[in-house]
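Thanks for passing this one along.

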Amino acid sequence: TSGGVVAAVDLGATSGRVMLGYVDDGMLRLEQVARFPNGPVAGPDGLHWDFTALYRHVIDGLAEAVRREPGIASIGIDSWAVDYGLVHGDELLAEPFHYRDDRTARGVEAVHAKVPFEELYRRNGLQFLPFNTLYQYAVDRRLADAEIALLIPDLVTFLLTGARVAERTNASTTGLVDVGSGEWDRELAERLGVPSSALPPLADPGTRLGTLRGEARERVGAALDVIAVGSHDTASAVVAVPLSSADAAYISCGTWGLVGVELDEPVVTDAAREANFTNEGGVDGRVRFLHNVTGLWLLSESVRTWEAEDGAPIDLPELLDAAAAVGDIPLFDANDSRLAAPGDMPARIAAVIEESGAKVPASRPAFARAIVESIAQAFADAVATAGRLTARDIDVIHIVGGGALNRLLCQATADRSGLPVLAGPVEATALGNVLVQARAHGWFGPDATLEDLRRVVAGATAPVRYEPRTDS
Ligand code: LRH
(Lines give C-alpha, C1' and ligand atoms only; values in the text may rest on other atoms or scores of the structure.)
Protein backbone atom coordinates (compact mmCIF):
# COMPACT_ATOMS: atom_id res chain seq x y z
CA THR A 1 0.00 0.00 0.00
CA SER A 2 2.78 2.41 0.80
CA GLY A 3 5.15 2.17 -2.09
CA GLY A 4 6.19 1.27 -5.60
CA VAL A 5 8.23 2.56 -8.48
CA VAL A 6 7.49 5.19 -11.13
CA ALA A 7 9.42 6.59 -14.10
CA ALA A 8 10.23 10.30 -14.43
CA VAL A 9 11.08 11.89 -17.76
CA ASP A 10 12.83 15.22 -17.13
CA LEU A 11 13.83 17.26 -20.18
CA GLY A 12 16.13 20.21 -19.50
CA ALA A 13 17.44 22.75 -21.97
CA THR A 14 20.95 21.25 -21.90
CA SER A 15 20.20 17.60 -21.08
CA GLY A 16 17.35 15.20 -20.57
CA ARG A 17 17.03 12.12 -18.39
CA VAL A 18 14.82 9.19 -17.58
CA MET A 19 14.87 8.17 -13.94
CA LEU A 20 13.29 5.46 -11.84
CA GLY A 21 11.83 6.69 -8.57
CA TYR A 22 11.42 4.21 -5.73
CA VAL A 23 9.07 4.98 -2.86
CA ASP A 24 8.93 2.62 0.06
CA ASP A 25 7.19 3.41 3.32
CA GLY A 26 7.92 7.13 3.10
CA MET A 27 11.47 6.55 1.80
CA LEU A 28 12.55 7.90 -1.56
CA ARG A 29 15.32 6.93 -3.97
CA LEU A 30 16.19 7.82 -7.57
CA GLU A 31 18.05 5.75 -10.13
CA GLN A 32 19.19 7.22 -13.42
CA VAL A 33 18.27 5.09 -16.42
CA ALA A 34 19.23 7.34 -19.33
CA ARG A 35 20.78 10.74 -19.90
CA PHE A 36 21.10 12.52 -23.24
CA PRO A 37 22.23 15.94 -24.48
CA ASN A 38 19.88 18.68 -25.62
CA GLY A 39 20.34 22.14 -27.08
CA PRO A 40 19.50 24.61 -29.81
CA VAL A 41 19.82 23.56 -33.44
CA ALA A 42 20.15 26.28 -36.09
CA GLY A 43 17.81 25.79 -39.05
CA PRO A 44 17.14 27.93 -42.12
CA ASP A 45 14.21 29.63 -40.37
CA GLY A 46 15.79 30.00 -36.93
CA LEU A 47 16.68 28.10 -33.77
CA HIS A 48 14.83 24.86 -33.08
CA TRP A 49 14.95 21.87 -30.77
CA ASP A 50 15.70 18.45 -32.20
CA PHE A 51 12.45 17.18 -30.76
CA THR A 52 12.49 14.06 -32.96
CA ALA A 53 15.77 12.98 -31.35
CA LEU A 54 14.54 13.92 -27.88
CA TYR A 55 11.42 11.85 -28.29
CA ARG A 56 13.49 8.88 -29.48
CA HIS A 57 15.65 9.20 -26.36
CA VAL A 58 12.51 9.30 -24.21
CA ILE A 59 11.16 6.11 -25.79
CA ASP A 60 14.52 4.32 -25.53
CA GLY A 61 14.91 5.47 -21.92
CA LEU A 62 11.44 4.28 -20.98
CA ALA A 63 12.08 0.92 -22.69
CA GLU A 64 15.25 0.54 -20.64
CA ALA A 65 13.35 1.54 -17.48
CA VAL A 66 10.78 -1.18 -18.15
CA ARG A 67 13.52 -3.76 -18.75
CA ARG A 68 15.07 -2.88 -15.40
CA GLU A 69 11.81 -2.55 -13.53
CA PRO A 70 8.80 -4.29 -15.07
CA GLY A 71 6.59 -3.17 -12.17
CA ILE A 72 6.58 0.55 -13.01
CA ALA A 73 3.26 2.05 -11.90
CA SER A 74 3.25 5.16 -14.12
CA ILE A 75 5.23 7.78 -16.05
CA GLY A 76 5.45 11.54 -15.41
CA ILE A 77 6.90 14.07 -17.86
CA ASP A 78 8.34 17.51 -17.24
CA SER A 79 10.44 19.93 -19.31
CA TRP A 80 11.51 23.54 -19.71
CA ALA A 81 8.57 25.90 -20.12
CA VAL A 82 7.03 28.09 -22.86
CA ASP A 83 7.90 26.08 -26.01
CA TYR A 84 5.38 24.04 -27.94
CA GLY A 85 4.74 21.88 -30.97
CA LEU A 86 1.94 22.14 -33.52
CA VAL A 87 -0.01 18.99 -34.21
CA HIS A 88 -2.31 17.99 -37.01
CA GLY A 89 -3.92 14.57 -36.84
CA ASP A 90 -1.19 12.41 -35.37
CA GLU A 91 1.58 14.47 -36.95
CA LEU A 92 3.93 17.04 -35.51
CA LEU A 93 3.92 19.84 -38.14
CA ALA A 94 7.56 20.91 -37.61
CA GLU A 95 10.40 20.77 -35.11
CA PRO A 96 9.44 23.16 -32.28
CA PHE A 97 11.21 26.51 -32.11
CA HIS A 98 13.77 27.15 -29.35
CA TYR A 99 12.81 29.98 -27.00
CA ARG A 100 16.17 31.65 -27.66
CA ASP A 101 15.26 32.24 -31.31
CA ASP A 102 15.17 35.97 -31.94
CA ARG A 103 11.97 36.07 -33.99
CA THR A 104 10.15 36.58 -30.68
CA ALA A 105 11.22 40.26 -30.64
CA ARG A 106 8.64 40.91 -33.37
CA GLY A 107 6.08 39.00 -31.33
CA VAL A 108 6.67 41.27 -28.34
CA GLU A 109 6.01 44.35 -30.45
CA ALA A 110 2.88 42.88 -31.99
CA VAL A 111 1.41 41.79 -28.64
CA HIS A 112 2.21 44.97 -26.75
CA ALA A 113 0.68 47.04 -29.57
CA LYS A 114 -2.62 45.27 -28.85
CA VAL A 115 -2.36 44.81 -25.10
CA PRO A 116 0.10 46.94 -23.13
CA PHE A 117 2.42 45.11 -20.76
CA GLU A 118 0.81 46.67 -17.67
CA GLU A 119 -2.50 45.12 -18.59
CA LEU A 120 -0.91 41.80 -19.50
CA TYR A 121 0.75 41.67 -16.09
CA ARG A 122 -2.53 42.33 -14.29
CA ARG A 123 -4.14 39.51 -16.25
CA ASN A 124 -1.44 36.82 -16.40
CA GLY A 125 0.94 37.86 -13.58
CA LEU A 126 4.00 36.92 -15.67
CA GLN A 127 7.34 38.71 -15.67
CA PHE A 128 8.40 39.99 -19.06
CA LEU A 129 10.45 37.37 -20.90
CA PRO A 130 10.61 37.94 -24.66
CA PHE A 131 9.92 34.27 -25.34
CA ASN A 132 6.74 33.77 -23.31
CA THR A 133 4.48 31.60 -25.45
CA LEU A 134 2.02 34.36 -26.31
CA TYR A 135 4.81 36.28 -28.05
CA GLN A 136 5.81 33.16 -29.97
CA TYR A 137 2.21 32.56 -31.07
CA ALA A 138 2.06 36.13 -32.41
CA VAL A 139 4.74 35.34 -35.03
CA ASP A 140 3.86 31.72 -35.72
CA ARG A 141 2.48 31.55 -39.23
CA ARG A 142 1.58 27.86 -38.88
CA LEU A 143 -0.48 28.20 -35.73
CA ALA A 144 -3.63 28.60 -37.83
CA ASP A 145 -2.92 25.30 -39.68
CA ALA A 146 -2.65 23.27 -36.51
CA GLU A 147 -5.41 21.29 -34.89
CA ILE A 148 -3.77 21.81 -31.56
CA ALA A 149 -0.74 23.48 -29.97
CA LEU A 150 0.85 21.50 -27.13
CA LEU A 151 3.62 22.54 -24.76
CA ILE A 152 6.65 20.21 -24.84
CA PRO A 153 5.68 17.82 -21.98
CA ASP A 154 2.07 17.77 -23.21
CA LEU A 155 3.40 17.02 -26.70
CA VAL A 156 5.31 14.01 -25.36
CA THR A 157 2.19 12.87 -23.51
CA PHE A 158 0.17 13.25 -26.71
CA LEU A 159 2.61 11.17 -28.78
CA LEU A 160 2.68 8.50 -26.09
CA THR A 161 -1.04 8.33 -25.31
CA GLY A 162 -3.11 10.48 -27.67
CA ALA A 163 -4.26 12.71 -24.78
CA ARG A 164 -4.68 16.37 -25.78
CA VAL A 165 -4.38 18.45 -22.64
CA ALA A 166 -2.46 21.37 -21.19
CA GLU A 167 -0.99 20.65 -17.77
CA ARG A 168 -1.73 23.61 -15.56
CA THR A 169 1.67 24.64 -14.11
CA ASN A 170 3.28 24.80 -17.53
CA ALA A 171 0.19 26.38 -19.13
CA SER A 172 0.71 29.25 -16.68
CA THR A 173 3.93 30.13 -18.54
CA THR A 174 2.12 30.76 -21.83
CA GLY A 175 0.80 34.13 -20.68
CA LEU A 176 -2.72 33.10 -21.58
CA VAL A 177 -3.84 31.80 -18.18
CA ASP A 178 -5.69 34.18 -15.87
CA VAL A 179 -3.52 34.63 -12.79
CA GLY A 180 -6.59 34.99 -10.57
CA SER A 181 -8.75 32.08 -11.69
CA GLY A 182 -6.10 29.72 -13.08
CA GLU A 183 -8.25 29.21 -16.20
CA TRP A 184 -7.52 30.18 -19.81
CA ASP A 185 -8.07 33.89 -20.40
CA ARG A 186 -10.17 33.42 -23.52
CA GLU A 187 -10.88 37.10 -23.92
CA LEU A 188 -7.15 37.87 -24.00
CA ALA A 189 -6.53 35.03 -26.45
CA GLU A 190 -9.22 36.42 -28.72
CA ARG A 191 -7.82 39.94 -28.64
CA LEU A 192 -4.41 38.56 -29.59
CA GLY A 193 -5.84 36.40 -32.36
CA VAL A 194 -4.77 33.16 -30.66
CA PRO A 195 -7.05 30.37 -31.90
CA SER A 196 -8.81 28.08 -29.42
CA SER A 197 -6.65 25.20 -30.73
CA ALA A 198 -3.92 26.72 -28.54
CA LEU A 199 -6.04 26.36 -25.40
CA PRO A 200 -6.56 22.63 -24.78
CA PRO A 201 -8.41 21.49 -21.66
CA LEU A 202 -6.33 22.19 -18.55
CA ALA A 203 -5.24 19.23 -16.40
CA ASP A 204 -4.06 19.34 -12.78
CA PRO A 205 -0.93 17.58 -11.54
CA GLY A 206 -1.87 14.19 -10.16
CA THR A 207 -4.49 13.36 -12.78
CA ARG A 208 -4.21 10.32 -15.02
CA LEU A 209 -3.83 11.51 -18.60
CA GLY A 210 -3.83 8.30 -20.62
CA THR A 211 -2.16 4.99 -21.38
CA LEU A 212 0.67 4.26 -23.82
CA ARG A 213 -0.76 3.30 -27.18
CA GLY A 214 0.29 1.92 -30.55
CA GLU A 215 3.90 2.19 -31.54
CA ALA A 216 4.94 3.89 -28.28
CA ARG A 217 3.51 1.01 -26.30
CA GLU A 218 5.26 -1.56 -28.50
CA ARG A 219 8.62 0.16 -28.31
CA VAL A 220 8.44 0.77 -24.55
CA GLY A 221 7.15 -2.72 -23.97
CA ALA A 222 4.36 -1.98 -21.47
CA ALA A 223 0.93 -0.34 -21.37
CA LEU A 224 1.94 2.26 -18.81
CA ASP A 225 -0.21 5.15 -17.60
CA VAL A 226 0.99 8.74 -17.90
CA ILE A 227 0.14 10.84 -14.85
CA ALA A 228 0.31 14.64 -14.94
CA VAL A 229 3.04 16.07 -12.71
CA GLY A 230 4.15 19.67 -12.35
CA SER A 231 5.13 19.45 -16.02
CA HIS A 232 6.97 22.76 -15.88
CA ASP A 233 10.37 21.58 -14.64
CA THR A 234 10.59 24.49 -12.22
CA ALA A 235 7.22 23.56 -10.70
CA SER A 236 8.45 20.01 -10.09
CA ALA A 237 11.72 21.34 -8.66
CA VAL A 238 9.88 23.58 -6.20
CA VAL A 239 7.83 20.58 -4.98
CA ALA A 240 11.12 18.98 -3.91
CA VAL A 241 12.66 21.99 -2.14
CA PRO A 242 12.90 20.85 1.50
CA LEU A 243 11.82 24.32 2.71
CA SER A 244 13.25 24.59 6.20
CA SER A 245 11.52 27.79 7.30
CA ALA A 246 8.33 29.70 6.51
CA ASP A 247 10.52 32.56 5.27
CA ALA A 248 12.84 30.49 3.11
CA ALA A 249 13.68 31.47 -0.46
CA TYR A 250 14.61 28.95 -3.15
CA ILE A 251 16.79 29.01 -6.22
CA SER A 252 16.19 26.29 -8.77
CA CYS A 253 19.51 26.49 -10.56
CA GLY A 254 20.22 24.87 -13.90
CA THR A 255 20.40 26.60 -17.26
CA TRP A 256 18.37 29.31 -15.50
CA GLY A 257 18.35 30.36 -11.90
CA LEU A 258 14.75 30.69 -10.78
CA VAL A 259 14.84 32.76 -7.62
CA GLY A 260 11.85 33.31 -5.38
CA VAL A 261 9.40 32.16 -2.76
CA GLU A 262 6.24 30.09 -2.65
CA LEU A 263 2.98 31.95 -2.03
CA ASP A 264 -0.69 31.05 -1.59
CA GLU A 265 -1.87 34.08 -3.53
CA PRO A 266 -0.33 35.96 -6.47
CA VAL A 267 1.28 39.39 -6.07
CA VAL A 268 0.61 41.59 -9.11
CA THR A 269 1.45 44.99 -7.68
CA ASP A 270 3.18 47.76 -9.62
CA ALA A 271 6.31 47.06 -7.57
CA ALA A 272 6.25 43.37 -8.52
CA ARG A 273 5.81 44.27 -12.17
CA GLU A 274 8.61 46.82 -12.08
CA ALA A 275 10.92 44.26 -10.43
CA ASN A 276 9.87 41.81 -13.16
CA PHE A 277 8.70 39.10 -10.76
CA THR A 278 6.49 36.35 -12.08
CA ASN A 279 3.51 34.50 -10.61
CA GLU A 280 3.75 31.04 -12.16
CA GLY A 281 1.37 28.24 -11.27
CA GLY A 282 2.66 25.74 -8.77
CA VAL A 283 1.47 22.27 -7.82
CA ASP A 284 -1.63 22.32 -5.56
CA GLY A 285 -2.50 25.84 -6.66
CA ARG A 286 0.54 27.37 -4.99
CA VAL A 287 2.15 30.40 -6.62
CA ARG A 288 5.80 30.40 -7.69
CA PHE A 289 6.65 34.03 -7.13
CA LEU A 290 10.08 34.31 -8.73
CA HIS A 291 12.46 36.05 -11.07
CA ASN A 292 14.45 34.45 -13.90
CA VAL A 293 18.19 35.02 -13.49
CA THR A 294 20.37 33.89 -16.37
CA GLY A 295 22.00 30.97 -14.61
CA LEU A 296 24.57 28.37 -15.59
CA TRP A 297 23.84 29.14 -19.24
CA LEU A 298 26.59 31.77 -19.04
CA LEU A 299 29.06 29.16 -17.90
CA SER A 300 27.96 26.25 -20.10
CA GLU A 301 27.89 28.47 -23.19
CA SER A 302 31.39 29.80 -22.36
CA VAL A 303 32.69 26.29 -21.86
CA ARG A 304 31.16 25.29 -25.18
CA THR A 305 33.03 28.14 -26.91
CA TRP A 306 36.34 27.22 -25.25
CA GLU A 307 35.91 23.56 -26.11
CA ALA A 308 35.31 24.48 -29.75
CA GLU A 309 38.48 26.62 -29.68
CA ASP A 310 40.52 23.78 -28.16
CA GLY A 311 38.85 20.94 -30.01
CA ALA A 312 38.91 19.13 -26.66
CA PRO A 313 36.62 18.79 -23.65
CA ILE A 314 37.10 21.00 -20.58
CA ASP A 315 37.16 19.61 -17.05
CA LEU A 316 34.61 21.85 -15.30
CA PRO A 317 35.45 20.96 -11.67
CA GLU A 318 39.11 21.69 -12.44
CA LEU A 319 38.21 25.02 -14.04
CA LEU A 320 36.09 25.97 -11.00
CA ASP A 321 38.89 25.03 -8.60
CA ALA A 322 41.22 27.32 -10.50
CA ALA A 323 38.50 29.99 -10.53
CA ALA A 324 38.24 29.80 -6.73
CA ALA A 325 41.88 30.85 -6.45
CA VAL A 326 41.54 34.00 -8.59
CA GLY A 327 41.57 37.37 -6.80
CA ASP A 328 40.01 40.64 -7.84
CA ILE A 329 37.31 40.09 -10.50
CA PRO A 330 34.86 42.42 -12.26
CA LEU A 331 31.09 41.88 -11.93
CA PHE A 332 28.66 42.28 -14.83
CA ASP A 333 24.87 42.14 -15.16
CA ALA A 334 24.15 38.43 -15.60
CA ASN A 335 20.73 39.34 -17.01
CA ASP A 336 22.09 41.53 -19.82
CA SER A 337 19.89 40.63 -22.79
CA ARG A 338 22.91 40.44 -25.09
CA LEU A 339 23.92 37.24 -23.29
CA ALA A 340 20.66 35.41 -24.00
CA ALA A 341 21.39 33.95 -27.44
CA PRO A 342 23.78 31.09 -28.20
CA GLY A 343 27.18 32.02 -29.62
CA ASP A 344 30.58 33.25 -28.49
CA MET A 345 29.75 33.92 -24.83
CA PRO A 346 33.24 34.94 -23.57
CA ALA A 347 33.47 37.62 -26.28
CA ARG A 348 30.05 39.02 -25.41
CA ILE A 349 30.77 39.02 -21.68
CA ALA A 350 34.09 40.74 -22.38
CA ALA A 351 32.23 43.45 -24.32
CA VAL A 352 29.76 43.96 -21.46
CA ILE A 353 32.58 44.23 -18.92
CA GLU A 354 34.62 46.54 -21.12
CA GLU A 355 31.63 48.83 -21.53
CA SER A 356 31.41 49.18 -17.75
CA GLY A 357 35.00 50.41 -17.69
CA ALA A 358 36.34 47.41 -15.77
CA LYS A 359 39.26 45.27 -16.81
CA VAL A 360 38.38 42.17 -18.84
CA PRO A 361 39.58 38.94 -17.15
CA ALA A 362 42.75 37.67 -18.76
CA SER A 363 42.36 33.93 -18.16
CA ARG A 364 39.62 31.33 -18.37
CA PRO A 365 39.59 30.75 -14.59
CA ALA A 366 39.22 34.50 -14.04
CA PHE A 367 36.37 34.53 -16.57
CA ALA A 368 34.66 31.61 -14.87
CA ARG A 369 35.03 33.39 -11.53
CA ALA A 370 33.51 36.61 -12.90
CA ILE A 371 30.58 34.58 -14.26
CA VAL A 372 29.97 32.73 -11.00
CA GLU A 373 30.24 35.87 -8.85
CA SER A 374 27.96 37.82 -11.20
CA ILE A 375 25.34 35.06 -11.09
CA ALA A 376 25.63 34.94 -7.27
CA GLN A 377 25.16 38.72 -7.08
CA ALA A 378 22.05 38.50 -9.26
CA PHE A 379 20.78 35.68 -7.00
CA ALA A 380 21.36 37.74 -3.86
CA ASP A 381 19.63 40.78 -5.39
CA ALA A 382 16.62 38.71 -6.46
CA VAL A 383 16.31 37.12 -3.00
CA ALA A 384 16.36 40.57 -1.40
CA THR A 385 13.73 41.78 -3.87
CA ALA A 386 11.52 38.74 -3.23
CA GLY A 387 11.68 39.53 0.50
CA ARG A 388 10.85 43.18 -0.07
CA LEU A 389 7.91 42.48 -2.41
CA THR A 390 6.33 39.90 -0.10
CA ALA A 391 7.22 41.61 3.20
CA ARG A 392 9.11 38.52 4.31
CA ASP A 393 12.25 38.43 6.33
CA ILE A 394 14.08 35.78 4.27
CA ASP A 395 16.30 33.75 6.59
CA VAL A 396 17.68 30.94 4.43
CA ILE A 397 18.18 30.18 0.72
CA HIS A 398 17.71 26.68 -0.67
CA ILE A 399 19.60 25.99 -3.89
CA VAL A 400 18.38 22.94 -5.79
CA GLY A 401 19.24 21.54 -9.22
CA GLY A 402 22.61 21.18 -10.90
CA GLY A 403 23.81 24.48 -9.43
CA ALA A 404 23.74 22.89 -5.96
CA LEU A 405 26.88 20.99 -7.03
CA ASN A 406 28.73 24.22 -7.78
CA ARG A 407 30.42 24.96 -4.43
CA LEU A 408 31.88 28.23 -5.62
CA LEU A 409 28.42 29.46 -6.63
CA CYS A 410 26.74 28.30 -3.41
CA GLN A 411 29.37 29.97 -1.22
CA ALA A 412 29.32 33.16 -3.29
CA THR A 413 25.52 33.29 -2.98
CA ALA A 414 25.77 32.93 0.80
CA ASP A 415 28.47 35.62 0.98
CA ARG A 416 26.69 38.10 -1.26
CA SER A 417 23.26 37.62 0.36
CA GLY A 418 24.52 37.38 3.92
CA LEU A 419 22.27 34.33 4.36
CA PRO A 420 22.96 30.64 4.88
CA VAL A 421 22.58 28.54 1.76
CA LEU A 422 21.30 24.97 1.94
CA ALA A 423 22.34 23.17 -1.25
CA GLY A 424 20.48 20.14 -2.59
CA PRO A 425 18.86 18.02 -3.74
CA VAL A 426 20.58 18.18 -7.13
CA GLU A 427 17.83 16.13 -8.76
CA ALA A 428 14.97 18.18 -7.33
CA THR A 429 13.05 18.24 -10.60
CA ALA A 430 13.01 14.46 -11.01
CA LEU A 431 12.17 14.07 -7.31
CA GLY A 432 9.22 16.46 -7.59
CA ASN A 433 8.04 14.56 -10.65
CA VAL A 434 8.27 11.23 -8.77
CA LEU A 435 6.61 12.57 -5.62
CA VAL A 436 3.53 13.90 -7.38
CA GLN A 437 3.04 10.56 -9.14
CA ALA A 438 3.60 8.64 -5.91
CA ARG A 439 1.06 10.80 -4.11
CA ALA A 440 -1.47 10.14 -6.89
CA HIS A 441 -0.99 6.43 -6.25
CA GLY A 442 -1.79 7.04 -2.58
CA TRP A 443 1.66 5.98 -1.39
CA PHE A 444 1.83 8.81 1.14
CA GLY A 445 -1.71 8.33 2.43
CA PRO A 446 -4.92 9.88 1.17
CA ASP A 447 -4.34 13.58 1.99
CA ALA A 448 -0.60 14.17 1.70
CA THR A 449 0.18 17.88 1.36
CA LEU A 450 3.19 19.50 -0.28
CA GLU A 451 4.62 19.89 3.21
CA ASP A 452 4.35 16.11 3.68
CA LEU A 453 6.14 15.57 0.37
CA ARG A 454 8.89 18.00 1.40
CA ARG A 455 9.35 16.10 4.65
CA VAL A 456 9.98 12.99 2.55
CA VAL A 457 12.63 14.89 0.56
CA ALA A 458 14.22 16.20 3.77
CA GLY A 459 14.35 12.63 5.10
CA ALA A 460 15.91 11.26 1.93
CA THR A 461 18.54 13.92 1.20
CA ALA A 462 20.93 15.91 3.37
CA PRO A 463 21.62 19.46 2.17
CA VAL A 464 25.13 20.94 2.23
CA ARG A 465 25.22 24.10 4.35
CA TYR A 466 27.18 27.23 3.36
CA GLU A 467 27.48 29.97 5.96
CA PRO A 468 27.95 33.54 4.77
CA ARG A 469 31.52 34.71 5.32
CA THR A 470 31.60 38.13 6.89
CA ASP A 471 35.02 39.09 5.53
CA SER A 472 33.78 39.37 1.95
C1 LRH B 1 13.90 26.24 -16.63
C2 LRH B 1 12.76 26.92 -17.33
C3 LRH B 1 12.36 28.23 -16.67
C4 LRH B 1 11.75 28.96 -17.83
C5 LRH B 1 12.72 28.61 -18.95
C6 LRH B 1 12.19 28.72 -20.32
O7 LRH B 1 14.27 25.06 -17.25
O8 LRH B 1 11.65 26.08 -17.42
O9 LRH B 1 11.49 28.08 -15.56
O10 LRH B 1 11.57 30.32 -17.63
O11 LRH B 1 13.14 27.28 -18.65
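1. First, a convention: helices (H or I, at least four residues) and strands (E, at least two) are DSSP runs, numbered from the N terminus. This is a predicted model, in which local features need pLDDT of at least 70 and side-chain atom pairs count only at pLDDT 80 or more, while totals for chains, interfaces and linings use all residues. Residue numbers start from 1 along each chain as its sequence is written.

2. Overall shape. The protein chain has 17 helices and 20 strands. Its radius of gyration (taken over C-alpha atoms) is 21 Å, close to the 23 Å that the globule rule (2.2 Å times the number of residues to the power 0.38) gives for 472 residues, so the chain is as compact as a globular protein of that length. Along the principal axes, the C-alpha trace spans about 60 × 55 × 50 Å.

3. Annotated spans. In the model, residues 6-239 are 33% helix and 26% strand, with end C-alpha atoms 17 Å apart. Residues 249-440 are 47% helix and 17% strand, and their end C-alpha atoms lie 27 Å apart.

4. The seven-stranded sheet. This open sheet has mixed pairing and runs in the order β16-β17-β15-β14-β18-β19-β20; two strands pair if DSSP finds at least two bridges between them. At the edges stand β16 (278-281) and β20 (464-466), each with a single partner strand, so one side of each has no neighbour in the sheet. From one strand to the next, the twist averages 30°. Inside this order, β18 (residues 396-400) and β19 (residues 421-423) pair in the parallel sense over three bridges, and histidine 398 has leucine 422 of β19 as its bridge partner.

5. The three-stranded sheet. Here the order is β8-β7-β9, open and with antiparallel pairing. Because β8 (91-92) and β9 (148-151) are edge strands with a single partner each, one side of each is left without a neighbour in the sheet. Strand β7 (residues 84-88) pairs with β8 over two bridges, and the bridge partner of histidine 88 is glutamate 91 in β8. Helix α5 (residues 152-161) lies across β7 and β9 and runs at about 115° to β9. Such angles run from 0 to 180 degrees between N-to-C directions, with axes fitted to C-alpha atoms, for helices over the stretch in contact (C-beta atoms, placed from the backbone, within 7 Å).

6. Backbone spots to look at. Most residues other than glycine have a negative phi, and most peptide bonds are trans. Aspartate 25, in the loop between β2 (15-24) and β3 (27-37), has a positive phi of about 55° although it is not a glycine. Glycine 424 and proline 425 are joined by a cis peptide bond, with omega about 5°; proline 425 sits in the loop between β19 and α16 (428-440).

Conventions: Two residues are in contact if their C-beta atoms, placed from the backbone, lie within 7 Å.
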